[in-house]
Structure formats: structure tokens, C-alpha cells
Amino acid sequence: MESPSRPAHPSEPQPRGPWIFGRVLAGFVALLVIVAGGAGAGWYVRAQSLRIDTAAVLTSAGPAVVRVLATTCAGTGEASGVLIDNGRVLTAASAVDQPKSIVVVAPDGRIRRANLLATSADGVAILQSIGFDETPLRLPEADLDPKAERALVGYTAAGKQVVNAVGSEADPEPLSQFMNAAKLGSPVVSKSGELVGLITGDTVQASTIVPLTKLRGYVAQAPSGVTVGTLGDCPQSRGPQGAIAPELQVAGTPLALEVRQLLASYLTLENQQDFAALQALYSPRYARGMTEAVDREKHQTTYFFNPRITDLAPDGSSARMAYNVMYSPNAKGAGGQNCSRLDTRFALVRSRGKLVIDATKALGGAPACDT
């Protein structure tokens, strides 16, 4: 009989067979890593697809976003708006409440007359512009992903077109952090440049976004949720009430800046219809003819905008200013127009050391500015 064999070195441990559980665990961990990596990559791709490039949105949507100016009985008259189809424009109803006249201004400065068609209870107004053929913004057929980022395209009080990211429907940004009165009526657009909402509100503080679902009803072939708009019947109407200053197209000398300040005050007070305060800007001779009552009769429905000082006498005795004026078509001297281009020479003198207006002279006619 043979005795059992013994290991040559009893102190050395014998090799174990494969550990099946360990192999299974390692494989499971590897699988988790792969799945997690794939999920992470998928999440990243989805997150990127929902992010918005505001510069790209401004480029694609900007040409269809217009300024809206109006003289109204309520005295609001300033907003942004968006062209949707066949010359129709959506804007904030608060800007065109009881209007006497309305114009829309394209990003390139072209002006077109507009009529009020309808308004909705949540503050959307539908205008019909006369002569606009720009590419409109489309409303998407499908609803936007609630997590997709959106952007607002509108105007500053100075008339500059800007874009602001407003977050998603699921995680919106507070509108108060970038709103002003001129941005009421601004479109809210998607990453692809489609119209998905509109900013409305009676005031900046009360501004809100009217969603796509409601806009679809307002702009449908057979609109729902809107009522026919009504024009103002007041004898005196106002446009925007903010300060306005002419653009200097001459050298910015101290004299030119003084003249600019004088004409800025003149335009601002005329727009605010503070005819009593205007008397301080006139020489005693000019004030005798341009009394407070005469000023009111001439300008009770006017709004001046887009002023430019184009010439200035070296001694400051005169300045030439071109500007647009909007008024009620049935106002005295309007001739049925609601917007004209004016080119006026202002004679200037010093009275008690202060530069004031001594006379005005129209240069040329007053062609319509909305053609």
C-alpha cells in the first residue's frame, strides 16, 4: 500500500479554486459603471438639447420683433410686439388702451401704421399693420417641453432690441429682474425661434407670460377668447411719458450738448403735455405767440419720437432737428395722416443767461412717416 503523498513544503498554503461570487460582484459593478455612464451621457445630451443660445435666438427671431408706439386716452402707448402672419402683430393690450393712433417700428427703423383688431382678457392685443411683409414668427404645433429654456426678445426704453433668458416653464426666472415698460408685449421664444408665449400686464410689476395654449386660440382662423378692439374717443391723448433726447449728428461740443438738453426738454414736456412748464423754454417774444392754450391746441394728441439734431450754427443761433410726430388722423392739420416726418429749424437766443427757443420754421413739407 502506498501512503498519502504530502506536500513538499507543508507551510505553504494551497491555491484555491475560482471564487464565483467575487466574479459575479465584479461583473455587476462593471455593469453599473457602464449603465451609469450611459445614463449620465444621456442626461447630458438631453440637458444640452433643452438649453437655449440667446444670441442665436436674437438673430433668428429679432427681425419679427417690433416696437409699438401709440397715442391713447389712457396715456400708455409703448411696448414691444411680434409679427405673426399677414401683417398681424401681437402686443400688450395695456399699450394700446383706447388708442387714437398706433404705429409699429421695425428693427431697421421703418414705420408702419397699425389698427387695433381685438384684445383678450389676459392682456393680449392683436394689431393689423399696414404694409409689413417681414418673415413672421410661427407658433409650434406641439407644446414645448416644460424643462426647455426660453428667451424674451424685446426693446429697452431707448429703443434697443435685446434678448433675455427667462428660464423654463418648470423653472422660470423672475420677470422683474429684466423687465421695463417697453418690454411689455415682448414675445417669448423657444430654442428654435418659435413663439411660445407673450409678456403682458398693466404694469411692469404685474407682468406675466401668456402661454402658447392661449395664444393659439387668439390667432386661429376663427379666434376664440378675444373681443373686438375699441378706439379712443377722448379729445386729448398721450403717447409714452418717458424722457426723450435727440441723437446728435453734429460734433459734441459744449454748445451742442447745451442745445441738445434744451430740445430734449422741449420734446419731453410736449410728450408729457406739460404745456405750462414749456413756457420756461421760450423767449418772452415767442411765448407771447405760443401761449399755453395755443400749445395745447396744437399738440393735444401728438407724440414726438426718433429726434436727430442734424445742424447747428457755430454761434448757437439756430439748430435743425428732424423727428417723427404721431397724432390722431382727425387732429387739426393732420390731413388724415397719423404719422409725419418733420424737419424744423429752431431759432435760439439767450434769455437771462439761458438758451431758449425764439422761433421755429418748418423746412419742407410733412411727408407721412408710415410708408
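Are Tyr-282 and Tyr-286 buried or exposed? I looked them up, and both Tyr-282 and Tyr-286 are buried (buried is under 20% relative accessible area, exposed over 50%, partly exposed in between, with a 1.4 Å probe and protein chains only).

A note on my source: this is a predicted model, where local features need pLDDT of at least 70 and side-chain atom pairs count only at pLDDT 80 or more, while totals for chains, interfaces and linings use all residues. Residues are numbered from 1 along each chain as its sequence is written, and side-chain values use heavy atoms, leaving out hydrogens and water.

**Aromatic pairs.** I searched the whole structure and found four aromatic pairs. Rings of Phe, Tyr and Trp (its six-membered ring) pair if their centres lie within 6.5 Å; planes under 30 degrees apart are stacked, over 60 edge-to-face, the rest tilted. I noted Tyr-266 and Phe-346 as an edge-to-face pair, 5.7 Å centre to centre with 75 degrees between the planes. Both Tyr-266 and Phe-346 are buried. Next I checked Tyr-282 and Tyr-286: their ring centres are 4.9 Å apart and their planes at 85 degrees, so this pair is edge-to-face.

**Cores.** I then turned to the nonpolar cores (sets of buried Ala, Val, Leu, Ile, Met, Phe, Trp, Tyr and Cys residues joined through side-chain atoms within 4.5 Å). The largest has 39 residues, and Leu-215 is one of those with the most contacts inside it. Leaving aside neighbours within four places in sequence, Leu-215 is in contact (heavy atoms within 4.5 Å) with residues including Leu-90, Val-124 and Gly-197. Apart from that core lies another, of 37 residues, among them Ile-111 and Met-326.
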